[in-house]
Amino acid sequence: MATYKKRGYKKPTPKVKKDKDEELFEGESATKEVFNTLDETANKTEEWVAKNQKAIFTVVGVIAVVVLGYLGYDKYIAAPKNQEAMNEMFKAQQYFDQAVNGVEKDSLYTLSLHGGEGKLGMIDIADQYSGTDAGNLANYYAGMAYLNLKDYQNAITYLSDFSSNDEMLAPIAKGGIGDAFVQLNQPQDALGYYEEAAKMKSNDFTTPMYLLKAANVAMSLGDNAKALGYLKQIKDEFPKSSEATQVEVLIGKAEASL
């Protein structure tokens, strides 16, 4: 408990009444002191500014250069460079699309990676236009091309360099890394990426797809409780997905193994 000291009783001191002239004099003195203090402070500030004027202008100048430099870079360098990269990517992207929909997949994926008809491939675009949106997207295409060509290490490298908040591309890139780790017989790593892909964006396509992949890998690792959780999530939250038609059998297997 806090303790407090009692204030001692003091005999009141009789007030001495001051005449008006004395009060006026004291008021004027107090006012003068205030103005003198303000004047001294102002003088000190002026002196400091005068002494440090060069440094102040240098800092202001640097800030202005940085801001204007950023705006100029974005408008006159970054934007045109990104547009140039997008134009360069057109042919490589065309090869990639043809590989996805065509029959000569390996050769078309290779052309997408290395280029053709005088145009750069995704590898060179990702390298030469690093830092642009097009260069970033080239990492995605390169990673997926390598994944389809069964070059899993390079698939992981390029997909890991891809960064996006896109509803579809972001989880598909993470899931692609998971696919590569499965092929490299690293199921624990694959599980982590499938889980991340499932959580990144909630939609009826990628979420149930990667939940199912995560469940299958978890079961292969003997973690049937985790697998069961993912399978029930598909059943409850994505009943209209194609994955939902597969979960009943898997739920029975997972429950039987608990």
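Which residues does G175 touch, not counting residues up to four places away in sequence?

Analyst: With residues up to four places away in sequence left out, G175 touches Y194, A197 and Y210, where contact means heavy atoms within 4.5 Å. This is a predicted model, in which local features need pLDDT of at least 70 and side-chain atom pairs count only at pLDDT 80 or more, while totals for chains, interfaces and linings use all residues. Residues are numbered from 1 along each chain as its sequence is written, and side-chain values use heavy atoms, with hydrogens and water left out.

G175 is placed in helix 7; helices here are DSSP runs (H or I, at least four residues), numbered from the N terminus. The residue is buried, with a relative accessible area of 0%, on a scale where buried means under 20%, exposed over 50%, and partly exposed in between, using a 1.4 Å probe and protein chains only. The C-alpha atoms of G175 and Y193 are separated by 6.0 Å, although the two residues are 18 residues apart along the chain.

Because D179 lies in helix 7 (residues 169-183) and K213 in helix 9, the pair ties together parts that are 34 residues apart in sequence. K213 is partly exposed, at a relative accessible area of 26%.

From helix 9 the picture extends to helix 10, whose buried residues pack against helix 8 (187-200), helix 9 (206-220) and helix 11 (247-256). The residues N224, A227, L228, Y230, L231 and I234 of helix 10 are buried. They cover an arc of only 165 degrees around the axis, which puts them on the same side of helix 10; the arc is that of the directions from the helix axis to the C-beta atoms. The face turned away from this buried side carries the exposed residues A225 and D236. As for length, the 14 residues of helix 10 (residues 224-237) should span 20 Å at 1.5 Å a residue, and its end C-alpha atoms are 20 Å apart, which agrees; the expected span is 1.5 Å times one less than the number of residues.

K232 lies in helix 10 and E255 in helix 11, so the pair ties together parts that are 23 residues apart in sequence. Both ends are partly exposed, K232 at 38% relative accessibility and E255 at 41%.

A search of the whole structure finds six salt bridges, and another of them is formed by E117 and K91, with the closest N and O atoms 3.5 Å apart. E117 lies in the loop between helix 3 and helix 4 (122-128) and K91 in helix 2 (residues 53-101), so this pair ties together parts that are 26 residues apart in sequence. Here E117 counts as exposed at 65% relative accessibility, whereas K91 counts as buried at 19%.

Technical notes
Helix = DSSP H or I, 4+ residues; strand = E, 2+ residues; numbered from the N terminus. Salt bridge = Lys/Arg side-chain N within 4 Å of Asp/Glu carboxyl O.
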